Amino acid sequence: LETVEVIEAIKKEDTLLHRVNTVNNLEIGNIIKGKIDWDKRYKFMRMHTALHLLCAVVPMGVTGGQIGDLKSRLDFNADANSINKEEIQEKLNQVLKNNHKVIYEWIRSEELEKKPELVRTMSVKPPKTNGKIRLVKIGNIDLQPCGGTHVKSTLEIGEIKIGKIENKGKMNRRVNLLINN
């Protein structure tokens, strides 16, 4: 029995590719069994949902981001004085005190075109499945297209801490987010 760790999953068009740490003795036709590292996956789910909340409290376009299990970031189309660290930290933790459910809705691509304000990312288009787009709704706090994994309720996220806010250009502010385990 050989263990192969998947380091990254990448979707290219209609194909899902898995980058692995090593491949020994694996041949086409072999039967493989996949297993999710649930602890790590759950941390990513909590973080991903927290990033949605960050989008909700910083109502500006998202120019980039990176998600990790312990630390993540979003880059916003914002000038130097438009994001206050203490203010967004307080707003986020206020939201987390309530039990906001995370639910999913599906809309057709044409419907999304009529509601461009739902898309927060400025350079990445929402993923489509058979001409439909999944919307993630977090209570009455956030609604946006997303194909990622999330927790069922904001209570699962835990305490959020805003790390440093960095200047990454004239109209680009990077907000770092940390979650206590």
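This is a quick look at one helix and the salt bridges in a predicted model.

Start with helix H1, residues 38–57. Does its length fit the geometry, or what do we get? At 1.5 Å a residue, its 20 residues should span 28 Å. The end C-alpha atoms sit 29 Å apart, which agrees.

Which residues of H1 are buried? The list includes Met45, Arg46, Met47, His48, Thr49 and Ala50. Leu51, His52, Leu53, Leu54, Cys55 and Val57 are buried too.

Now charges. Side chains of opposite charge can pair when their charged atoms come close. How many salt bridges are there? The count comes to 8.

Pair one is Glu110 with Arg108, at 3.6 Å, N to O. Glu110 is partly exposed, with a relative accessible area of 45%. Arg108 is also partly exposed, at 36%.

Pair two is Asp142 with Arg120, at 2.9 Å, N to O. Asp142 lies in strand S8, residues 142–145. Arg120 lies in the loop between helix H3 (109–113) and strand S6 (128–129). So this pair ties together parts that are 22 residues apart in sequence. Is Asp142 buried or exposed? Buried: its relative accessibility is 4%, and the cut-off is under 20%.

Glu166 counts as buried, at 18% relative accessibility. Lys164 counts as exposed, at 52%.

Definitions and conventions
Residues are numbered from 1 along each chain as its sequence is written. This is a predicted model: local features need pLDDT of at least 70, side-chain atom pairs count only at pLDDT 80 or more; totals for chains, interfaces and linings use all residues. Side-chain values use heavy atoms; hydrogens and water are left out. Helices (H or I, at least four residues) and strands (E, at least two) are DSSP runs, numbered from the N terminus. The expected span of a helix is 1.5 Å times one less than its number of residues. Buried means under 20% relative accessible area, exposed over 50%, partly exposed in between (1.4 Å probe, protein chains only). A salt bridge is a side-chain nitrogen of Lys or Arg within 4 Å of a carboxyl oxygen of Asp or Glu.
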